[in-house]
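I opened this entry to log what I looked up, one item at a time.

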Amino acid sequence: MAGLNPRSGRRETEEERADRQWGDLLQELRVAQTGVQILFGFLLAVVFQPRFADLSTVDRNIYVVTVMLGSATAAALIGPVSYHRLLTGRRMKPQTVIWASRLTKLGLALLFCTMCSTLLLILRVALHNVTALWLVGGMALWFLVCWFVFPLWAIARGGRREPADGGEAPRTEDSQDPGPRS
């Protein structure tokens, strides 16, 4: 039987912890991937709309940047599945969880950029004025608050304990678990 893990407060082996973390990560990825797939499908369809030819050069450039960001987002958020599939059976689950977690964080940052770029394109076409920039800026701030500020605030209020589930935190000299970090 596994001993009490000082990082998670659970009685589980490294492999059991990796299995649990992988399951948690899969649930998070399912939510993010669905949204990205819908958004990316929308972006791909835009170029085939009759009004696309009427877009200004600036709006076309924003569209191209948005499609590239959407592609990069999809790659980063689908990447953990490929990573897991290629490493399955090689007894590398803890490392897989670490790298999949990193890819997911990158995917979330890219999703932030994709959402802001998409909003900019849509609002520029809809409003034709500087109000679009203010609205995108406000929404970007809201995304940052919801996705990053609230979790960081929770960490600050809860102390600087090390994450138990694939997150990253600074190592301390008195860390009792020399295992791999994400």
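Entry 1, surface. I looked for nonpolar patches and found one of about 500 Å², made by Leu108, Leu141, Leu144, Phe148, Leu152 and Ile155. I noted that the model is a predicted one. Which helix gives the patch its largest share? I traced 5 residues of the patch to helix H4, which spans residues 131-158.

I picked Leu152, which lies in helix H4. Is Leu152 buried or exposed? I read a relative accessibility of 56% for Leu152. The cut-off for exposed is over 50%, so Leu152 counts as exposed.

I counted 4 helices and 0 strands. From the N terminus on, I wrote the order down as α-α-α-α. I then checked burial: 37% of the 182 residues are buried. The accessible surface came out at about 11500 Å², and carbon and sulfur atoms hold 65% of that. I also looked at contacts with a separation of 6 or more; 66% of them join residues 24 or more positions apart.

I went to Leu55, in the loop between helix H1 (14-46) and helix H2 (57-87). Its relative accessible area is 15%. Buried means under 20%, so Leu55 is buried. What does Leu55 touch, leaving aside neighbours within four places in sequence? I found Arg60 and Val125. I checked the spacing to Val125: 70 residues apart in sequence, yet 7.9 Å from C-alpha to C-alpha.

Methods
Residues numbered from 1 in each chain as written. Predicted model: local features only at pLDDT ≥ 70, side-chain atom pairs only at ≥ 80, totals over all residues. Heavy atoms only, no water. Patch = residues over 30% accessible without salt bridge, like charges linked within 9 Å, V, L, I, M, F, W, Y side chains within 5 Å. Areas by Shrake-Rupley, 256 points an atom, 1.4 Å probe, with all protein chains shown as cover. Salt bridge = Lys/Arg side-chain N within 4 Å of Asp/Glu carboxyl O. Helix = DSSP H or I, 4+ residues; strand = E, 2+ residues; numbered from the N terminus. Buried < 20%, exposed > 50% of the residue type's maximum accessible area, 1.4 Å probe, protein only. Contact = heavy atoms within 4.5 Å.
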